[in-house]
Amino acid sequence: MKTRAAILTGVDQPFEIVELELDGPKEHEVLVRYVAAGLCHSDLHLARGDFPSRLPIIGGHEGAGVIEEVGPGVTKVRPGDHVLTSFIPSCGQCRYCLTGRANLCDLGAILLDGQLPDGTFRARLGSEEVGAMCSVGSFAQYGTLSEHSVVKIDQSLPLEKAVLASCGVPTGWGSAVNTGNVRPGDTTVIYGSGGVGINAVQGAAAAGARNVVVIDPQELKRDTAMKLGATHAFADAETATEAVIELTRGQGADQAIVLVGHLHEDIIRSAFDIVGKGGTIVITGMGVFEAPTIQLPGVELSLWEKNVKGSLFGSLNPQHDINRLLGLYQAGRLELDALVTREYSLAEVNEGYADLLAGKLIRGVMIHEH
C-alpha cells in the first residue's frame with residue numbers, strides 16, 4: 001500500500017513530504033492507521049545529527065491510531081482497536097522486562113536505525129528502504145509496527161489528546177514521581193517546562209510537593225506551569241537558586257529534574273548546586289549523543305550524598321503506565337487538553353517545529369488526513 005509521510009533524508013535538512021510504499025504486517029506485527037502524532041523535541045535531535053541514525057527515516061515517535069490489520073501470532077490487539085505507540089517496545093521476556101524495568105527492554109536497541117525487531121524495514125522510497133523513528137514513524141498516515149510497540153487504550157478517549165500519553169506525559173510525570181521520588185512536602189525544581197517538563201510539574205504537584213519551582217526562559221511555558229501546579233516560576237537559574245535557598249531556609253531542593261530541550265553541562269551543574277544534602281538530580285533531557293555533559297565535584301557528591309540519575313520514559317512501564325495516566329486524565333486529575341497549543345497537518349510539520357523552537361508551543365499535535 002502507499003502512505004504519505006514526513007521523512008528526514010539528511011542532517012540539518014527539513015522534513016520532506018513523500019509517498020512511500022508500505023508492506024503489510026508480518027508475524028507479530030500490526031498495521032496502524034495513524035490519527036494523530038505529537039511534535040516532540042526528540043525528533044529534532046535526529047534532524048540535527050545529535051543522535052547517530054540511519055537515514056532516510058520517517059519522523060515521529062508519539063502516535064495514536066487504529067489497528068487496521070494484524071499479522072500471524074498477534075494476540076494483544078485486533079482490527080478496530082485504538083492504540084498509542086510506545087517509543088520503547090516491551091517484549092515482556094528479556095531480563096529488564098522480567099525485573100520490572102520494561103523501559104529498558106532489550107528491543108530498545110532498534111530505536112535509532114528504525115528497523116523492526118527482525119532487523120528489516122517495511123517502508124520504501126523507490127528502491128531505498130526507509131526506517132521509522134523508534135520503529136514507530138508516526139509522521140505517516142500508516143505504519144507497520146511490532147505488536148510490542150503498541151498499547152491498547154479505551155476507545156472513548158480522544159486520540160488527538162491521548163497521543164500525548166505516548167511519550168511526553170509519562171516521561172515528564174515519571175521523571176518526577178518515579179525517578180525523582182517526589183514526596184509530600186518536598187521542594188522540586190524543574191528545568192524546562194515544555195512538552196515534557198510541564199508533565200513533571202503535574203507529577204510533582206500530584207505527588208504533594210510543597211514547592212514546585214520551574215525554570216524556563218519562555219513566558220508562555222512559565223505561565224502554563226503556574227496554571228498546572230507550579231508554585232514559583234523563574235526565567236533564569238540564578239534567580240531560582242536564590243529563591244529556593246530562601247524557601248527551604250538554606251537547605252536546598254529535594255529534587256532537580258532536568259528536562260531542557262538541549263542538555264549542556266552548565267544546566268547540570270546548576271541542578272547539582274540547587275539540591276541540598278541527599279538531594280536527587282534527574283537527567284531526562286537529551287543533547288549530543290556522546291558529548292560529555294556531566295562534570296561535578298565528587299567530594300560534594302560523596303559528603304552530601306547527592307544522587308545523579310538518568311531517566312528514560314520516566315522509569316515507567318509503557319504497557320501498564322500509559323493506561324494508568326490516561327485513567328487519571330479521565331478522572332480529571334491529569335491535564336492533557338490544555339497542553340495542546342496548536343494542531344498541524346502533515347504538510348505543516350516544518351512550520352510546527354519552527355513554532356516549537358520559537359517558544360510558541362507547549363505541545364503541537366499533527367492530525368492526519370485520510
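User: Which element gives the largest share of the lining of the largest cavity?

Analyst: Strand E9 does, with four residues. This is a predicted model, where local features need pLDDT of at least 70, side-chain atom pairs count only at pLDDT 80 or more, and totals for chains, interfaces and linings use all residues. Residues are numbered from 1 along each chain as its sequence is written, and side-chain values use heavy atoms, with hydrogens and water left out. Strands (E, at least two residues) and helices (H or I, at least four) are DSSP runs, numbered from the N terminus.

User: How do I read a cavity?

Analyst: Rolling a probe the size of a water molecule over the atoms shows where empty space is left. On a 1 Å grid over the protein atoms alone, a cavity is a set of points where a 1.4 Å probe fits but cannot get out; a pocket is an open set with protein on both sides within 12 Å along at least five of seven lines; lining residues have an atom within 4 Å of a point. Here, one cavity of 30 Å³ or more is found in the whole structure. The largest cavity holds about 140 Å³ of space. Its lining has 19 residues, and nearest its centre lie Ile58, Arg122, Ala123, Ala132 and Thr144. Strands E8 (128-132) and E9 (142-146) are the elements that give two or more residues to this lining.

User: What is the volume of the second largest pocket?

Analyst: A volume is the space filled by probe spheres set on the grid points, which are joined across faces, edges and corners. For the second largest pocket, that is about 280 Å³. Its lining has 24 residues; the closest to its centre are Ala253, Gly276, Lys277, Gly278 and Gly279. Strand E14 (253-258), helix H8 (265-274) and strand E15 (275-283) each give two or more residues. E15 gives the largest share, six residues.

User: How do I read two packed helices?

Analyst: Two packed helices are described by the angle between their axes and the distance between the axes. Axes are lines fitted to C-alpha atoms, for helices over the stretch in contact, and angles run from 0 to 180 degrees between N-to-C directions. Helices H4 (168-179) and H5 (197-206) pack at about 45 degrees, with axes 7 Å apart.

User: Which residues in H4 and H5 meet?

Analyst: Contact means heavy atoms within 4.5 Å. Among the residues that meet are Gly168, Trp173 and Val177 in H4, and Asn199, Gln202 and Ala206 in H5.
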